[in-house]
Amino acid sequence: FASSGFLKGFDTNLRLQASSSPALEFSNGFLPKRQGVINLNFSNCYPRSSSPTMLKLFSSTASRAHHLTPAIRAGSRSVESPLFKALSQLTGLNRRSTSLGQRVFFCSEPTDGASDAEAAAEAEAKAAESDSEADSKSSSAIVPTNPRPEDCLTVLALPVPHRPLFPGFYMPIYVKDPKVLAALQESRRRQAPYAGAFLLKDDPSTDSSSSTDVEKSISELKGKNLLNRLHEVGTLAQISSIQGDQVILVGHRRLRITEMVSEEPLTVKVDHIKDKPFDMDDDVIKATSFEVISTLRDVLKTSSLWRDHVQTYTQHIGDFTYPRLADFGAAICGANRHQAQAVLEELDIHKRLRLTLELMKKEMEISKIQESIAKAIEEKISGEQRRYLLNEQLKAIKKELGVETDDKSALSAKFKERIEPNKEKIPAHILQVIEEELTKLQLLEASSSEFNVTRNYLDWLTILPWGNYSDENFDVVRAQHILDEDHYGLSDVKERILEFIAVGRLRGTSQGKIICLSGPPGVGKTSIGRSIARALNRKFFRFSVGGLADVAEIKGHRRTYVGAMPGKMVQCLKSVGTANPLVLIDEIDKLGRGHAGDPASALLELLDPEQNANFLDHYLDVTIDLSKVLFVCTANVIDMIPNPLLDRMEVITIAGYITDEKVHIARDYLEKTARGDCGIKPEQVEVSDAALLSLIENYCREAGVRNLQKQIEKIYRKIALKLVREGAVPEEPAVANDTEEAEIVTKLDLESPETQVVEENPEESKEETQIRVEKVMIDESNLVNYVGKPVFHAEKIYEPTPVGVVMGLAWTSMGGSTLYIETTVVEEGEGKGGLNMTGQLGDVMKESAQIAHTVARKIMLAKEPENQFFANSKLHLHVPAGATPKDGPSAGCTMITSLLSLATKKPVKKDLAMTGEVTLTGRILPIGGVKEKAIAARRSQVKTIIFPEANRRDFDELAENVKEGLDVHFVDDYEKIFELAFQQD
């Protein structure tokens with residue numbers, strides 16, 4: 001008999017047949033099942049002394065079938081052993097039943113007897129297997145051998161890698177050494193098929209415990225090395241069969257190694273060891289054995305695996321003894337090798353029973369855990385199966401009643417319902433594709449991947465607003481009111497939108513346009529898009545293309561890809577639900593380019609009025625009409641936009657806001673928003689015009705108003721904190737660590753110039769404290785307390801400008817700015833003329849300085865031929881501030897004026913600024929950023945500006961509030977600049 005914990009892959013079949021009993025089949029999982037029924041001889045063994053009957057498992061090689069068959073004795077002799085009765089009750093068998101009519105005895109100890117011995121001898125004579133006397137010691141096998149087991153004092157030592165072999169059980173081992181295998185076969189041929197099975201000790205040099213490593217280490221061990229690795233106590237085993245390198249061993253009795261006889265193969269001398277004497281009537285031993293049986297009963301309730309082993313074992317066994325009970329329990333449980341070896345080595349029956357009991361208790365706990373895990377898994381699986389079954393039944397019932405159709409029919413009905421209201425507006429080629437896909441959907445299985453692809457495709461096709469347009473607003477007055485309500489200034493943008501509305505009103509319909517708003521950050525490019533959509537009564541959709549490097553974001557993915565989606569335009573149409581929305585494409589000058597294509601090239605089709613009427617998305621694979629869509633793009637610098645794409649757009653430049661415009665924006669828009677966000681009432685705060693002007697000039701000088709909005713929000717947050725601290729009077733006095741804070745919390749500082757107290761008429765009772773609401777005044781004097789020290793200082797650092805210094809005008813991404821060109825003499829001497837330049841000047845600006853030096857020498861030579869200033873003076877030209885990079889050609893005339901001022905020792909006219917590119921012949925070329933430079937001049941309180949003649953048209957287009965107070969001169973030759981700059985006031 002074998003335990004499933006250590007014997008795997010072994011399957012045998014023992015069949016018993018008697019004249020009046022059915023055949024019994026036993027399978028334990030090792031040897032192949034035999035289909036034939038074996039007729040067995042009967043023998044019986046009785047104890048020689050008063051000790052209880054000992055039972056032994058026999059092995060047979062009858063008919064050359066290498067499997068085990070027990071020796072059976074027919075009869076109905078009752079067994080009165082209390083242990084056997086307990087096991088009979090345990091397995092539910094009646095050993096006195098006439099249906100069995102036979103018993104199996106497993107002889108393990110020396111036995112004798114009178115009549116039964118003669119019957120055994122007669123049976124053995126019939127089998128011609130043995131001529132021994134009835135009182136002689138019998139062999140463990142069905143086929144008697146010579147010598148007998150007790151005569152084997154020298155045996156081959158076979159290492160057992162995993163678990164020890166117990167007497168009465170069998171075990172397969174694999175012998176890789178051909179010498180050992182040949183010796184075993186020779187012993188079997190000599191009718192002495194015995195060997196010693198000894199458990200292998202752990203290898204201290206390695207931690208590996210896998211089967212492959214253990215078998216490899218066994219094959220490498222020889223002689224004394226192998227002997228040192230074997231446990232001293234083992235089992236005398238009969239060689240039942242040899243099939244290839246697999247040897248089946250049947251355990252007989254315990255052995256102890258005394259000495260080594262030979263090394264290859266390893267042969268040792270052994271002593272046959274017996275159990276220590278014990279008292280059969282010892283109450284402790286009885287109680288321990290009954291506890292072992294009770295534990296077996298508990299284990300059998302939870303494990304069906306053991307039930308087959310014990311049931312079959314008890315059907316064919318004689319009387320149990322205490323040693324056999326201990327060996328049986330230790331052999332079938334899943335104990336590890338060391339614990340099983342301890343049971344094998346223990347000769348004290350009481351201790352052996354206790355060790356077995358411990359192992360059985362552990363096995364019972366493991367069986368309970370296994371049962372609980374299996375039960376939990378089974379409940380989970382059965383619950384899911386039950387839910388699935390009920391859902392399927394519910395679907396079938398609904399389908400039969402007509403309450404619900406199947407998935408494909410429901411999907412088809414849903415898609416048809418979508419397109420039915422606008423079917424006459426959907427283009428014919430779109431309807432054809434939808435019908436084809438619906439037919440395809442009905443032919444596909446719902447579990448196929450193509451079904452999901454087709455379903456998603458139909459979902460996109462049917463949800464798009466084919467021919468569905470929103471009613472546009474052609475009322476110019478109303479549109480003007482909406483645009484002015486949301487934004488101050490931006491007259492160019494507003495004028496263009498009103499033109500678009502006027503054209504649409506005259507035509508009765510509107511076409512899509514592509515407009516690009518270009519300007520510095522914070523001037524309202526993105527926010528104006530939403531206002532335009534509201535003025536036109538169109539749906540609004542915004543998406544940013546900054547950093548976009550994948551063409552599929554614009555054109556969509558092919559449907560062959562997993563997780564494919566349409567492009568942004570198709571998603572836009574689905575989101576807004578109309579075919580004529582206003583689409584704001586933000587940051588179009590920051591398009592990326594990667595391995596997935598060039599999105600700027602993909603936008604060519606989208607933003608081309610001639611092509612977007614038939615825009616093709618890769619996912620839909622049908623053309624879409626985008627000619628009614630109004631595209632508004634935003635960019636900071638149009639130089640970064642590719643020329644083919646820029647050519648398709650109508651560019652409107654937003655230069656920025658002057659101080660007056662910023663004041664209006666702050667008053668009408670930013671203050672209201674910040675006040676509402678902070679929960680402050682208008683009567684609680686007052687910001688003076690001087691404070692607002694100082695905030696714009698000293699903190700928020702950039703072209704946009706985003707930073708101005710942040711500063712105003714900062715002011716109102718601090719006011720909110722101040723109002724909460726001073727205006728809220730708690731029921732209990734607040735504990736303040738600082739005396740000043742305590743005074744602020746408990747009373748109002750009426751003497752503060754920042755606050756004015758306005759008393760309300762309280763309706764509370766006279767006992768309650770009267771709450772007073774204070775009005776916070778923000779003036780130029782206390783502005784620093786709210787926003788900190790000024791960030792910008794006055795750009796006008798000279799009053800008036802000294803000799804060699806001239807104010808120029810520059811354009812930056814934040815708007816316009818004034819800068820000074822400074823020149824001075826470094827060294828004078830005959831022929832030492834030269835020019836050094838500093839101030840982080842770019843290459844273009846350095847070239848402008850060289851040109852200015854040449855033109856200045858030419859002009860000086862013409863006006864004062866005797867003046868050798870430039871020929872004999874080494875000059876240094878600097879453009880502050882030194883940390884700011886500067887480049888561009890528009891400072892040429894300013895540099896010439898600075899050099900001539902130093903040469904003539906005359907300062908330029910007061911409050912004069914100029915800009916313009918100069919050629920070597922003195923011609924003045926046009927420049928850019930006229931509005932920004934004009935705004936910068938006004939901010940620096942410049943009264944006279946010199947512009948190139950070619951920029952007259954740009955200046956005339958400026959608003960009157962920008963041109964107000966400026967004396968502007970337009971020149972085309974430097975001679976006019978010389979006259980204007982050095983004329984006397």
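Modeller: K933 counts as buried, at 2% relative accessibility, where buried means under 20% relative accessible area and exposed over 50%, with partly exposed in between (1.4 Å probe, protein chains only). The model is predicted, so local features need pLDDT of at least 70 and side-chain atom pairs count only at pLDDT 80 or more, while totals for chains, interfaces and linings use all residues. Residues are numbered from 1 along each chain as its sequence is written, and side-chain values use heavy atoms, with hydrogens and water left out.

K933 belongs to helix α29, residues 930–939; helices (H or I, at least four residues) and strands (E, at least two) are DSSP runs, numbered from the N terminus. A polar atom of the K933 side chain lies 3.4 Å from the backbone oxygen of G928, a polar contact being a pair of N or O atoms within 3.5 Å, of which, within protein, one must be able to donate a hydrogen and the other to accept it, and residues adjacent in sequence count only if both atoms are side-chain atoms.

An unreviewed UniProt entry lists S890 and K933 under "active site"; its positions follow the numbering used here, feature names are shortened, and annotations may be inferred rather than shown by experiment. Although spread over 44 residues of sequence, the two cluster in space, with a largest C-alpha distance of 11.3 Å. S890 sits in the loop between β24 (873–878) and α28 (892–904) and is buried, with a relative accessible area of 17%. Setting aside residues up to four places away in sequence, S890 touches L809, T915, G916, E917, I927 and K933, contact meaning heavy atoms within 4.5 Å. With its neighbours within four places likewise left aside, K933 has contacts that include L809, W811, S890, T915, I927 and F947.
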